[in-house]
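Reader: I would like to go through the pockets and the domains of this model with you, step by step. Could you take my questions in turn?

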Amino acid sequence: MNGWALAVIQAGLLAFGAPFLAGWVKWVKCKLQCRQGPSPWQPYRNLSKLFRKDIVISEQASPVFRMAPYLVFSVTALAGSVMPFVAIGLPTSAIADVIVLVGFFALARFFLALAGMDVGTAFGGMGSSREMTISSLAEPAILMAVFTLAMTVSSTNLASMISHLLVEPFQLYPSFIFAGMGLLLVTVAETGRIPVDNPATHLELTMIHEAMILEYSGRHLALMEWAAMLKLMIYGVLIANLFIPWGIALELTPLALAIGLVAITGKLAVLGVVLAVAETSLAKMRFFRVPQFLGLAFILCLLGMLSHVILEVR
Amino acid sequence: MPLTLAWIALLFALASALLPLLCGNRNRAIKTIAFLLLGLAGLAGIAGGGLALLQGASYNLTLPVGLPWLHSHLHLDPLSGFFMVIVGLVTVVAAVYGPAYVREYEQGPQFLLPLTIFTALFVLGMDLVLLAADAFTFMLGWELMSISGYMLVVYQHQHERNRSAAFIYLLMSHVGALLILLAYGVLAGFGDGFDFTHMAAAQLSLGWGSVAFALALLGFGIKAGLVPLHVWLPEAHPVAPSHISAMMSGVMLKVAVYGFIRFTFDLLGEVHWSWGLIVLLIGCASALLGVLYALMQHDLKRLLAYHSVENIGIIYIGLGLSMIFASNDLPGLAALGLVAALYHSLNHALFKSLLFFGAGAILQQSHEHDLGKMGGLIRGMPVTAGCFLIGCISISALPPFNGFVSEWLTFQAALQGTALKSGILGSLIPVAAAVLALTGALAAACFVKVFGVAFLGQARSKQSLAAKEAAPGMLIGQGILALLCLVFGIFPTWTVGVISNIPLMLLGVGLPEATAGGWLWLTPVGAQTASYGAPMVLLGICLAWLFVYLRLHPRRRKTSVQVGATWDCGFGPLNARMQYTATAFAMPIRRIFQPVWPIEERIEPETAENPGGGRHLKVGDWAWQKIYLVIGRVLLASAKRAALIQGGNIRVYLAYSFVTLLFLLWVIV
């Protein structure tokens, strides 16, 4: 019972911490670009304001349009709740392994894309089409990366993957380096950051995620935005805890949990800075360059898998 | 008892074919009797097959009919029982759906009778194939299935398109049947008998084994629709009546999968690893090409037909993995691959027939099969839209529906590839898993396109705007399948436990680990390796939804919901032609994977009847251009050469006969 309570608290932390990560990335980015920038807490203010606002819905909208924000958010939140965030060994982590996690994101994306098609504007359709194209190239790369890790630790369960890495004496696996680089590239594409998508744009020719949620307002928009922030957070935690697992709480004592919380906060802050630096130094790509970018990610993951089979088996 | 029930299923199917003959021209009576008996046949099949599967036992029966030296052997074991359940499920639903659907044909130029007769014979043939325990009975059932399938495809024979599709189907079926016959011939030659016990006992050298395997792979592959043998599928499925398309795609292809499993795992004996590799590669090619070709289609039923190619590919990936593991003395993992493939067969039967039934409802209500003329159907047909959405989610392999479970199991089997001693196989198998991942993601893209274009947005034609909900029977049929999609997605542990009776029979090993964690957890290899708590996933989504919804409920929040016009950038009203079309949606993918299709694209100049010009886009199929048309040309050319000997002169013909006689005498004496 203790474990379940902790799991719920952990999921809550993840969900309520997500806007801060998004705000943090933006703040660092602004500082790097010598701009004043909003405070990292700004996303909370935006969300709470959106939650208080009225909603305008298009007369073309079907029930799918009104259902989608709730579904997208709940599925993303569920994905967050199975992530080992502060501690491992919580009962929720057995619900879904990493393949199911990718499945959750696919389900959320499915409804996001349908919502984009729902009101029948060109923007929505364009966003959905682009999103589904990019994700269909990104998904094999993600799975390839996690398969590489899964084969090393012979498990697809996130908690057992991390604990296996921590319990075994430290070893630098070449396959991990490739898989880690590949996963970083895919994360950029999947969470809609520069150079694949620009979260700050409303220019019709370049937007992807924003195009799909263009018709949303009020709490629906808040849920969609929050889900996107949560997704960024989950990918951050995934990379942080899989490739730099140290610090995560192995047993459920207050001290270990406190260390775990500090450790993950530190790791995410560093990752946020990395993302901000990358976003500042790179320009947004043309849409048809993205397949090459994702192809690179896939090749890296494939190389990781091959180096695992060639160098590390037996 | 199970075999008796199977017999009853056969008798009901036969009665459903014959009894309506007594009704003359009274359509109402024909419909009632035929579909009622068909439904009963399905129910009896489910009961018989299900019992055999649950008990994990085999039942044999020899009937003193058939050839003079060969009695007809029948058997019902877990494998045939499982496929009998699949046939039964879809048959029952088709019987619920059918009466309302065929109303359309009552006013048409055809009589109703041929449709019901051949539907029943079609089911009879499939059940007979599953029950057969000797090559003769098997081929008898197979031909019954193929030929009645032809009659059903050609039912509306006033259309040129139907006739040519049916001809292609018939031709390919018969080439396939010939190959299967030869494959059985190889086994029968070495085993001294046409019944399956003799054949299974045959000792084959690797060479002859490979010949038999190749013949079976091609023969069953034609019927199953593997790339590049799939070309009949996208022709035949769109033109058949929708409940028949559902049965052909959902069930007939599975009967071919059954034949392949029976031949390879049961009759052929020792499996060589290279056969498994070939099956794996063909499976990957079918899955990927199937979904890529599907993405380019804008005829709904044709698109679904290409998706059948994809799903058969996924099934063959599971079978290939299973064969590779079996040949490497890893029966536990082989069982996992086989269970994944069988589970996907069941799932595909459910969601694909659901989607075809949905397409049928759209076709009946709006008379549209082109996605480019649909749109906004969710307003007129909300129930059909809901069921179709569930089918879309299931086929896109998204949790917590059934398609996800079987793909997840296939992934788990693929991830165990490192257990193999060969490094090449060990690194090829994860690549196969990546192909599967790409396939799944592209399928999701394709079904966002289908659902988004057909059901959402604004209507693109008057008929779509006027479409109303289909008759209750059709809705109930779709509802049953949608519910089953959910049930088999939520309770995979129970299903896997039951299906593992089949590998227990074929490979001697079940999947004891999979169900060790109780009904809540599916743990195919071990709890530490991977676990999936499907009921918990559904519960989690529902709880999270409830929490968010209650927190944000409008009454608590005091925020109003206003309905307004869609944002048009200030340029005036949006119309249906401004929406993204199916072609536009798939355009980025078309550009990225360009070499996969033969694409014909040009801009047509402005003419008097076509002001403003136009854009011509045709996406073909390489299999037609590179294989079948070439074969056709070669055949025609050689026929022309052969025609030279036909001089039309009687004396020359007599000389031919004389020479032939001399030759035969020389051969015999």
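Reader: What volume does the largest pocket have?

Author: Please keep in mind that this is a predicted model, and that the value is computed from it. The largest pocket has a volume of about 1,100 Å³.

Reader: Which residues that line the largest pocket are the closest to its centre?

Author: The lining of this pocket is made up of 48 residues, which by class are 25 nonpolar, eleven polar and twelve charged. Of these 48, the closest to the centre are Pro199(A), His209(A), Glu210(A), Glu225(A) and Ala228(A).

Reader: Which element gives the largest share of the lining of the largest pocket?

Author: Several helices of chain A each supply at least two residues of this lining, including α1 (2–32), α5 (122–153) and α9 (218–243). The largest share, eight residues, comes from α9(A).

Reader: Which element of chain B gives two or more residues to the lining of the second largest pocket?

Author: About 900 Å³ of space lies in the second largest pocket. Its lining has 30 residues, and those closest to its centre are Val8(A), Ala11(A), Ala77(A), Ala544(B) and Phe547(B). Alongside α1, α3 and α9 of chain A, the element of chain B that gives two or more residues is α23 (534–551).

Reader: How many nonpolar residues does the lining of the second largest pocket have?

Author: By class, this lining has six polar and two charged residues. The number of nonpolar residues in it is 22.

Reader: How far apart do the C-alpha centres of domain 2 and domain 3 of chain B lie?

Author: The domain assignment of chain B gives domain 2 as 271–511 + 578–600 and domain 3 as 622–668. The C-alpha centres of these two domains lie apart by 45 Å.

How values were computed
Residues numbered from 1 in each chain as written. Chains lettered and ligands numbered in written order. Predicted model: local features only at pLDDT ≥ 70, side-chain atom pairs only at ≥ 80, totals over all residues. Heavy atoms only, no water. 1 Å grid on protein atoms, 1.4 Å probe; cavity = no way out; pocket = protein on both sides within 12 Å on 5 of 7 lines; lining within 4 Å. Points joined across faces, edges and corners; volume = space filled by probe spheres on them. Helix = DSSP H or I, 4+ residues; strand = E, 2+ residues; numbered from the N terminus. Nonpolar A, V, L, I, M, F, W, Y, C, P; charged D, E, K, R; others polar. Domains from an automatic or database assignment.
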